[in-house]
Amino acid sequence: MKNELEANTLQNLQTDLTRFFLVYKFALQEIETKINILQEEFKLIHEYNPIEHLSTRIKSPKSILLKVKKKNLEPSIESIRENIRDIAGVRITCSFVEDIYKVSAMLQAQNDIEVVEIKDYIANPKRNGYQSLHLIIKIPIFMSDRMEKVYAEIQIRTIAMDFWASLEHKIYYKYNKEVPEHIRSDLKEAATQVAELDRKMERLNKEINILKANEAESSLLDAPIAKLAQYIYQLPFDYPSEAVDDED
Ligand code: 0O2
């Protein structure tokens, strides 16, 4: 009888945990779809892709337990659900800092996304030099018998910031003891160089865009009227120009 009860309790616990992790998987799928839609639409309108890379992850049970201990939380599913808000994690890398804020604004404008907290480590880098924009959001997930609002963390950063953060994470992960002062200060200096590189790339990109816009303007001035109409109405390239000439 006792064994049967224990088996039932374990079975229930397993079902609860499976359901617990499943909603985070759904949340990631939902956010990924949203970002893909934004990306495709943005590309179509602006002929340019603000997102270089997108990745998602669910925090491992081991990392969750470590955070429970670190934050001194009650070890219950309810407490973990409410207090550990990065179980579902999304990382977006962009080429330029201004793209980070564009992507963030597009996400924040979506009605079903509730922005709970914004941590702007770009405007205010961490003491070690870490830079990234973090959005803690809540997103509704509709299941067969209920709706659950799920926390997720979206980290948005440039490729250079991501490079720094990945290496810094590896260094601390590999080195369990206190990291020597000279390594910490070198890492901080590297973070300053990352910020400088990002500013330089953004400046270069703006200059190229101005050159491109000027060139497009002058080639339009030379174009015959039919080609101009083709351009304005975005007709396919092989659309017969006589048809354009005939149209009025
Ligand atoms: P992992 O393994 O990446 O998941 P929180 O407990 O999240 O509420 P915290 O730490 O103040 O409190 O949140 P913060 O600062 O937003 O950090 C959340 C995540 O950002 C971290 O998750 C890291 O992924 C990343 N991060 C924050 N600071 C640093 C840093 O100095 N270096 C690097 N490389 N990454 C950082 P986890 O759970 O710590 O780790």
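Biologist: Which residues surround the ligand?

Modeller: Bear in mind that this is a predicted model. In it, the ligand is surrounded by K59, S63, K67, D86, K119, K126, N128, Y130, H134, A165, E168 and H169. Helix 2 (61-70) and helix 5 (159-174) are the elements that each give two or more residues to that shell.

Biologist: Which element gives the largest share of the shell?

Modeller: Helix 5, with 3 residues. Here's the general idea for reading a helix: an α-helix has 3.6 residues a turn, so residues three or four places apart point the same way. With that in mind, look at A165, E168 and H169 around the ligand.

Biologist: How do the shell residues divide into nonpolar, polar and charged?

Modeller: There are 6 charged residues, 4 polar ones and 2 nonpolar ones around the ligand.

Biologist: Back to helix 2. How many of its residues are buried?

Modeller: Burial is a matter of counting neighbours: a residue needs 20 or more other C-beta atoms within 10 Å of its own. Among the 10 residues of helix 2 the count of buried ones is 0, so this helix is hardly covered.

Biologist: In what order do the elements run from the N terminus?

Modeller: The chain has 8 helices and 5 strands, and they run α-β-α-α-β-α-β-β-β-α-α-α-α. For contacts, look at sequence separation: among those with a separation of 6 or more, 62% are between residues 24 or more positions apart.

Methods:
Residues numbered from 1 in each chain as written. Predicted model: local features only at pLDDT ≥ 70, side-chain atom pairs only at ≥ 80, totals over all residues. Near = placed C-beta within 6 Å. Helix = DSSP H or I, 4+ residues; strand = E, 2+ residues; numbered from the N terminus. Nonpolar A, V, L, I, M, F, W, Y, C, P; charged D, E, K, R; others polar. Buried ≥ 20, exposed ≤ 12 C-beta atoms within 10 Å, placed from the backbone. Contact = placed C-beta atoms within 7 Å.
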